[in-house]
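This report describes the salt bridges of one protein model. The sequence and structure are shown first.

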Amino acid sequence: MDTPRLDALETPDLSGSTAFVTGTTRGIGKEIALALAEAGANVVSTGKTVDDSDSDLEGTIGETADACRERGVDSLAVQLDVRDEAAVEAAVETAIDEFGEVDIVINNASAIQLANVADLPTKRFDLLNDVNARGSYLVARAFLPHLREQDGAWLLANAPPVTTDRAPGKAPYAWSKLGMSFLTLSLAEELAADDVGCNTFWPVTAIDTRATRYFGLGTEDDWRHPRIVADTVLGILSRDPAEFTGEALYDEDVLREAGVESFAPYNLTEGDPAPTSAQMFDESFSR
């Protein structure tokens with residue numbers, strides 16, 4: 001499927017900005033990086049994969065950086081395992097040294113495995129939490145002094161609204177993702193005086209990614225193109241970070257407010273997919 005383009009959707013001018021995005025090898029993270037580049041932002045492309053020749057997974061952080069440069073901006077690929085504190089601190093320092101200022105930080109890197117407590121090995125529980133909650137914490141914490149110095153900055157996370165106190169059948173994954181949300185929304189208060197907009201964004205429907213296909217989370221009838229999430233990020237970045245902070249956002253809500261009347265261009269097949277992603281953490285969710 002070609003990348004959807006909504007002509008009616010206004011793209012913010014991010015010229016002069018630099019974005020640090022985690023997990024840009026493929027999927028949602030890559031689409032976010034490309035959308036930011038199209039809007040004029042320099043992009044620091046980060047992730048673990050620098051060579052896919054021995055992998056059945058396509059994509060590298062270097063390929064994403066190259067694609068960003070093709071869109072007329074500067075881009076830097078930095079290999080990064082967000083579980084490694086020293087590596088995170090080094091990557092942040094490298095990004096700041098290269099571009100001088102980084103004013104957009106997006107915690108997108110995530111691990112997923114949907115399983116109940118009895119069936120999930122401890123090492124997988126640790127992986128989910130180390131990548132999702134702890135990784136977001138490490139990246140955010142490493143950037144805090146720098147973000148505070150900017151004249152308005154953003155700290156965003158690809159994570160769901162906190163709407164539940166239980167998630168049977170997927171509690172370990174939910175715990176790790178809601179940890180990302182809790183951290184980011186708490187930072188909205190801690191950074192309020194510094195004009196740093198801290199928000200989360202989450203798709204209403206499942207998104208066509210390697211994970212949804214690998215884990216069999218529906219079919220193409222249930223998925224949308226990851227560009228809908230990238231456009232949601234652009235919608236957030238079109239606001240004032242000093243005023244628009246502490247929000248847990250769904251993609252459809254952000255885009256409707258931006259003037260999008262139909263999400264059909266994002267759908268992989270005809271007909272709107274069910275809101276399975278929102279309902280993963282909020283069974284009562286309805287459009």
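## Basis of the analysis

The model is predicted, with local features requiring pLDDT of at least 70 and side-chain atom pairs counting only at pLDDT 80 or more, while totals for chains, interfaces and linings use all residues. Residues are numbered from 1 along each chain as its sequence is written, and side-chain values use heavy atoms, leaving out hydrogens and water.

A salt bridge requires a side-chain nitrogen of Lys or Arg within 4 Å of a carboxyl oxygen of Asp or Glu. By this rule, the count is 15 salt bridges.

Asp 194 pairs with Arg 148, their closest N and O atoms lying 3.2 Å apart. Because Asp 194 is in the loop between helix H5 (171-190) and strand E6 (196-202) and Arg 148 is in helix H4 (residues 122-149), the pair ties together parts 46 residues apart in sequence. Helices (H or I, at least four residues) and strands (E, at least two) are DSSP runs, numbered from the N terminus.

Asp 194 is partly exposed, at 22% relative accessible area, and Arg 148 is partly exposed, at 37%. Buried denotes under 20% relative accessible area, exposed over 50%, and partly exposed in between (1.4 Å probe, protein chains only).

Glu 252 forms a salt bridge with Arg 287, with 3.1 Å between the closest N and O atoms. Glu 252 lies in helix H8 (residues 251-257) and Arg 287 in the segment after helix H9 (276-281), so this pair ties together parts 35 residues apart in sequence. Glu 252 is buried, at 2% relative accessibility, whereas Arg 287 is partly exposed, at 47%.

Through shared partners, salt bridges join Arg 224, Glu 252, Asp 253, Arg 256, Asp 272 and Arg 287 into one network.
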